[in-house]
Amino acid sequence: MDNIRRRKSKAIKIGNVTVGGGAPISVQSMTKTDTRNVRATIRQIKELEEAGCEIVRVAVPDNEAAQALAKIKKSIKIPLVADIHFDYRLALEAIKAGVDGLRLNPGNIGEAAKVKKVALAAKERGVPIRIGVNAGSLPKTASKKPGTAERMVEAALGQVRLLESLDFDLIKISLKAFDVPTTIKAYRDIAEKVPYPLHIGITEAGTPRTGVIRSAVGIGTLLWLGIGDTIRVSLTAPPVEEVAAGYEILKSLDLRRRGPVLVSCPTCGRAEADVVKLAQEVEARLLKIDRPIKVAVMGCVVNGPGEAKDADVGIACGKGRGVIFKRGKKVAVVEEKDFLEALMREVEGI
Ligand code: SF4
């Protein structure tokens, strides 16, 4: 935290979650169910809530989906954001349904008059609007500026000016591209031009294998620069994985503390136990724990004890036996078959 000086942004409220103004950087996700399937969508949102998701967005492709919003909203605890493309009337329906936020793509909502209608209704109910620019769907009217980042910024600024002219300032902005340098450039640029909070992410980042890395590099770089008030990791995977990845990014920069941090060695020729298997088992068990504790799984007695001692709870595995440390003190020597249970007992007791 010492090294990151967060950009000062205006605070807005998405339901009960403050975004911007120095509030903790929130983690959000988007459902992957058909929004018209109310039960499946609620079920997925409940899973997200359990995973620590703080804001959830749902796609609203048609009127039936817009009509489902009120029922969904009633059954969930976290703020609900409606994602609207093409048809501004769906945004009006979503506002009526009581959503906590809207995401509009300026590239496809069309004329200013339509955006105006939405802004007026949103203002009446105090519903913030995210101007969500995507590199792949810039407005037809976008200028012919040479760089994608410049065109994205310009598209966002056009909408910002339009909303401001209506005296609407519950604004949040995102400028997402698949290309990480383009995304970073666009956010750095807009961060200097407007005071609004920024929702950051890398769009269509891919499957977890590559998407987590692309997102960590893109989101992580921006966060390190002090930019970003809420994050979404986009992955071709169940949305709970997006939330887990989001927290890992924030935790690795010490911007949020949620849940355990697992330190595990990469193993090498000195390893005297199956560290990969043990670390995976420990990781799975840690998913159920909310407390911010550091757990270490180390493969040998060379570097193992140092890291294991540094953690809240750690194990340094030796040949057939391992040493368990708790807050720097050796608390037990256990047999290999008991590594997992003995370690988890100490974790649970903390
Ligand atoms: S802790 Fe031991 S086994 Fe693990 S990588 Fe380091 S030296 Fe190798």
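Strands β6 (residues 101–104) and β7 (residues 129–134) run parallel and pair over three bridges; pairing takes at least two DSSP bridges between the strands. This is a predicted model, where local features need pLDDT of at least 70, side-chain atom pairs count only at pLDDT 80 or more, and totals for chains, interfaces and linings use all residues. Numbering starts from 1 along each chain as its sequence is written, and side-chain values use heavy atoms, with hydrogens and water left out.

**The sheet**
- Leu-102 sits opposite Ile-129 in β7.
- Eight strands make up an open, parallel sheet, ordered β8-β7-β6-β5-β4-β3-β10-β9.
- β8 and β9 are the edge strands with a single partner each, so one side of each has no neighbour in the sheet.
- Helix α7 packs on this sheet and touches β8 and β9, its direction making about 150 degrees with that of β8 (axes are lines fitted to C-alpha atoms, for helices over the stretch in contact, with angles from 0 to 180 degrees between N-to-C directions).

**Helix α7**
- α7 (residues 180–193) has 14 residues and reaches 20 Å from first C-alpha to last, close to the 20 Å expected at 1.5 Å a residue (1.5 Å times one less than the number of residues).
- Its buried residues (under 20% relative accessible area, 1.4 Å probe, protein chains only) include Val-180, Ile-184, Tyr-187 and Ile-190.
- Their cover includes α6, β8, β9 and α8, with contact meaning heavy atoms within 4.5 Å.

Notes:
Helices (H or I, at least four residues) and strands (E, at least two) are DSSP runs, numbered from the N terminus. Buried means under 20% relative accessible area, exposed over 50%, partly exposed in between (1.4 Å probe, protein chains only).
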